[in-house]
Every structure is written in structure tokens, then in C-alpha cells.
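User: I would like to learn how to read a protein model, one feature at a time. Where should we begin?

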Amino acid sequence: MTKSYCLPLAALLVPAAHCAATDSQPRKPNVVLIYADDLGFGDLECYGAKNVATPNANRLADEGIRFTNGYASAATSTPSRYTMLTGQYAWRREGTDVAPGNAGMIIRPEQFTMADVFKGAGYATGAFGKWHLGLGDSTATQDWNAQLPAALGDLGFDYSYIMAATADRVPCVFIENGHVADYDPTAPIEVDYHKNFPGEPTGRDNPELLTKLKPSHGHNQSIVNGISRIGYMRGGGKALWKDENIADSITSHALSFISKHADEPFFMYFATNDVHVPRFPHDRFRGKNPMGLRGDAIAQFDWSVGKILHALDSLGLSDNTLVILSSDNGPVVDDGYADMAEELLNGHSPTGGLRGGKYSAFEGGTRVPVIVRWPAGNVPKGIVSEALVSQVDWLAAMASLTGQRIPRGHALDSRAEALTTLLSGDMATQRPYVLEQANNKSLSVRTPKWKYIEPSRGPEMIPWGPKIETGYRPHPQLYDMTHSGELEDVASKYPDVVAELAEILATERSRQ
Ligand code: NG6
Ligand code: CA
């Protein structure tokens, strides 16, 4: 049985977040948003994972609130991240689907972002790891050998050390403040998502060069570090990443940021590459977990969490740092590399028993771990909350936390009231409903009791490789979430509920 707690509101109002720090007033809290990639609802030990130890995530849960109805806004990365960082549903805007590595910057500089919230409040702001929201003015026009004309500095981040897209997409280099990190002038970088560069090997034509991982579907274009990717690139030289070092690189840059800003409030967006494909963790983890590389990647993710928590501890910052841990979408086992993830699950359920998975309209697509810890903010310790929370609200919640006003016309889907729910787990303040976007852009509505999936076109299983039920049906579906989850479609029994939830969607769609 889970329990939820209700805190008196006064308890949430310390420290006075919008006041400047003085001797008599507590300092504004630091905010660390740990954002995993493809980490499922059931992938952490504290959420019931089998075969993998996640002591650091467990510690966060023991010291904070673990939500069991927390949602990413979409079942893939780009739209989830777009929604969370802008407070605006991705489905309202074209061009927010899974982005290639040479996409132009999708969030435009004039949009108000979560980083802008913190910048306005006088915080140091940093982004680390997976970006996947495009860079530069427009798609395929980037010169990767020069400063990119549009980058995270235009979105409120003072400092950034990021991967342009994902580890399975070129360019396979880190970008630091809009410029390729460790740029190698002897190996100019070119990227193309349509055609290969003459003479460059590919996974399709040169499988003998795939020394680290082979594709199971797709992912057979340029080869970098013995792994073939999506898209073509050449050059890069010393700047090319080694997959086994990605977690270390991201984490070490994040740790430097924390120590550099230990004496002033900071916001850190820490977006890991784990546990997305290609999974090829460091030797410290590789080959150690009974579930193979996917288990190793979860262990590596947890290690990164531990490094961040340890840095906060050792600088005396843990008490007044709000840490939020979540994921961009639900889990996928085989997402395109032959890493034995499917065969080695050994009874582990990445979705924690939810139906579907990444990409899908079923709960496995968007219901993800959400853990919140902030001792000085009186966030209760070690409780489990069933309150509905959605990442779409986190921008407005952070604005409320830091006393910032959101400019008119921005972040219109984001609800500031979510701050109370996030910091208390209080069911009474929860969102009345959460919207979930599937890979085919169909939407679902989740209320405390119901899940409505709108009719949409598409196959019942993902057709290109992952063994995942999509949840797409040509007719409306309704599930009683207090009863059997998404097992029994009761739409025909409750036509009024179907109509009411369909109306919520219609109203949301017409709102902006
Ligand atoms: C898919 C990729 C998959 C993954 C996904 C995006 C193929 C066959 N599959 O198109 O491997 O990269 O896109 O994942 O190319 S996400 O978590 O970044 O949204
Ligand atoms: Ca993802």
C-alpha cells in the first residue's frame, strides 16, 4: 500500500526562494534536474527493478518523495524535452518529433525556457548531456567547425556541455557552449543525413568494422568507435566521443559546474545518455550486470546520480538543493542494437508491469520515475505519493519556487500549482488530468481514475523492431486505472466518461 501525505502550505514556503540571501534569510535553493533517457517506470530498484542495484536513486527516494503517477509529456525524447523546457505541449508545434542530429534549434531564442526562469532569478545555469532539441539556425545548415549561431546560450543556459542529439545519431562529439569540445582542426567535421561521404565506411557495407556493437535494426550508417549510427559524418578526429566514456565526460563536467557555483544558486539540467542505445558503458560497469548491457547502463546511470549526490554532500549543499530525478520517456529493450537486452531480462520488467513502452500510447510510454528531494524545503522523507504530476508543469513550478513571473503568452500549458504537489506529494493539489503524447502524435488523458486513449491510425505493434504494443486503435479506449490498469477496455460501458475525456482533449487542442 502506498500512502500520501499532506503538508501544511506554510511548510512549503521556506526558504523564501525569491529573496536575496542575507544572514537572516536562507539562500535560494539550488535545483538539479536529473533526466534519464529511456529509463522505465520499473527500472530503478526503488520502483521494483530486479537484477540491478540502484543505491543512489534509492537514497533519493528514501530522503524524498517517490511519485507513482509521474509523467513525461511524450513517449519519445524530443517532444518530452521540448514540453518540459518550454511549458508548452510539443504537439502544438510542428517539427518537435524525434530530431536528427543536424536539426536546427527547435526551441527558438525568443521562447521562454526553464533556464530563463532561473537566469531571471539570478542563478547560474548549466546543461549537461543529451540535448536532442537541435542546434543552429536551421536543419542541415550547420558548420560544425565554427561557433554555432544558435545554441543553448540563447535559451538561458550560461554553460552547456551536450550531445547534439543522441548517442545513436551523428555528430558523435560533445558541444561546449555552441562549439565542438576538444575540436580537432586536423579533422574538420561534416554531417549529412541523406548521403554518405565518398569512401567512408558504414555499418551496412563494412560490418567487419563493428567491433563494439552491431545494429539489430536501422543504425547502419557511419561508424564511430566501432559502432554504426544513424546519419553520416566524417572527420571529428580527437573530438569524437568514446561511448564507454560518455557518462564520465558528462558527469565530470557537471561536477565541475557544481563546485564552481557552490557559493551561488545554480540550476543544473543533467540529462544522461543512459540508458539509451547504443549501450556501451565504461569497463567499470560493462559485463557486470546479469541483464547485460542494459543492466550495466542502469548501474552506470545510478553511479552518475551518486556522483552528483556526493558532490552536493561534500560541498554542504545537499540540504538546500532541490533534486528532481525523472526520465524522458518509457523503456525499450531492443531499440536497434544487438545487445542481448531482450534475452537477458531475467524476470525484470522495465515498465514495472505497465502495458506498452517507449513510443506507445499505453502507460509504459510516458509513466516514468519521478523522485523529489529537498530537505531544507521540508519535502517529506521516504514517502510515496500517488498524486498525478507531469513534466509540463515543471517550468511554472520552478517560476513559482524562485518568485519569477512568466512572460505573457509563454509556457501556457504549465501549472504553477504543481509546485505544491511536487514538494508535498499532496493528492488534493494534484493535476486534474495529465496528457500523454504517443509516437504517432495521438493523445491520451489520464485522470486519477481513468485513462482515455483517443482513436488513431497505426499498427498494434511497433513495426520497425522494438517489441512494443503501440496502444493505437481506430476506436476510443477507456481503462479504469484504479482497477486493472490497461487490461480491460471499458469504453463501451462508460460512454459518458469517454465523451467527457474526449471533450478535455478537444478543449486543450483549441486552447492556443
Ligand atoms: C528511433 C531509433 C531509436 C531511437 C529513437 C529515438 C531507429 C531504427 N530507431 O528512430 O533507436 O534513437 O528513434 O529515441 O532508428 S529517443 O529516446 O531519443 O526519442
Ligand atoms: Ca528517450
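User: Let us begin with a single residue. Is His219 buried or exposed?

Analyst: Buried means under 20% relative accessible area, exposed means over 50%, and partly exposed lies in between (1.4 Å probe, protein chains only). His219 has 9% relative accessibility, so it counts as buried. Two cautions about the source. This is a predicted model, where local features need pLDDT of at least 70, side-chain atom pairs count only at pLDDT 80 or more, and totals for chains, interfaces and linings use all residues. Residues are numbered from 1 along each chain as its sequence is written, chains are lettered from A and ligands numbered from 1 in the order in which they are written, and side-chain values use heavy atoms, with hydrogens and water left out.

User: Where is His219 found?

Analyst: His219 sits in the loop between β7 (190–192) and β8 (223–224). Helices (H or I, at least four residues) and strands (E, at least two) are DSSP runs, numbered from the N terminus.

User: What is the phi of His219?

Analyst: Most residues other than glycine have a negative phi, and most peptide bonds are trans. His219 is not a glycine, and its phi is positive, near 50°. Met340 is not a glycine either, and has a positive phi of about 65°. Met340 is in the loop between β12 (321–327) and β13 (370–373). At 44% relative accessibility, Met340 counts as partly exposed.

User: Which residues does a cis peptide bond join?

Analyst: One cis bond joins Asp274 and Val275, with omega about 10°. Another joins Val277 and Pro278, with omega about -10°. Val275 lies in the loop between β11 and α6. Pro278 is found in the loop between β11 and α6 too.

User: Now a helix. How many Å should α9 span?

Analyst: The expected span is 1.5 Å times one less than the number of residues. Helix α9 (residues 495–510) has 16 residues, so it should span 22 Å; its end C-alpha atoms are 22 Å apart, which agrees. Helix α5 (residues 246–260) has 15 residues and should span 21 Å, and its end C-alpha atoms are 21 Å apart, which agrees.

User: Which residues of α9 are buried?

Analyst: They are Val497, Val498, Leu501, Ile504, Leu505 and Glu508. Seen down the axis of α9, they fall within an arc of 120°, so they line one face of the helix. The arc is that of the directions from the helix axis to the C-beta atoms. On the other side, Pro495, Asp496, Glu500 and Ser510 are exposed.

User: What do the buried residues of α9 pack against?

Analyst: They pack against β15 (434–437), β16 (443–446), β17 (450–453) and β18 (477–480). Contact means heavy atoms within 4.5 Å.

User: What does Arg509 touch?

Analyst: Arg509 lies in helix α9. Arg509 counts as partly exposed, at 38% relative accessibility. Not counting residues up to four places away in sequence, Arg509 touches Trp91, Arg92, Lys441, Leu443 and Glu454.

User: Which residues of α5 are buried, and what covers them?

Analyst: Ile246, Ala247, Ser249, Ile250, Thr251, Ala254, Phe257 and Ile258 are buried in α5. Their cover includes β3 (124–130), β4 (159–163), β5 (174–176), β11 (266–271) and α6.

User: At what angle do α2 and α6 pack?

Analyst: Two packed helices are described by the angle between their axes and the distance between the axes. Axes are lines fitted to C-alpha atoms, for helices over the stretch in contact, and angles run from 0 to 180 degrees between N-to-C directions. Helix α2 (residues 55–62) and helix α6 (residues 293–314) pack at about 55°, with their axes 7 Å apart. That makes α2 oblique to α6. Angles under 35 degrees count as roughly parallel, over 145 as roughly antiparallel, 65 to 115 as roughly perpendicular and the rest as oblique.

User: Which residues make the contact?

Analyst: From α2 come Pro55, Asn56, Ala57, Arg59 and Leu60. From α6 come Asp302, Trp303, Val305, Gly306, Leu309 and Asp313. The residues of this contact divide into 6 nonpolar, 2 polar and 3 charged. Here Ala, Val, Leu, Ile, Met, Phe, Trp, Tyr, Cys and Pro count as nonpolar, Asp, Glu, Lys and Arg as charged, and the others, Gly among them, as polar.
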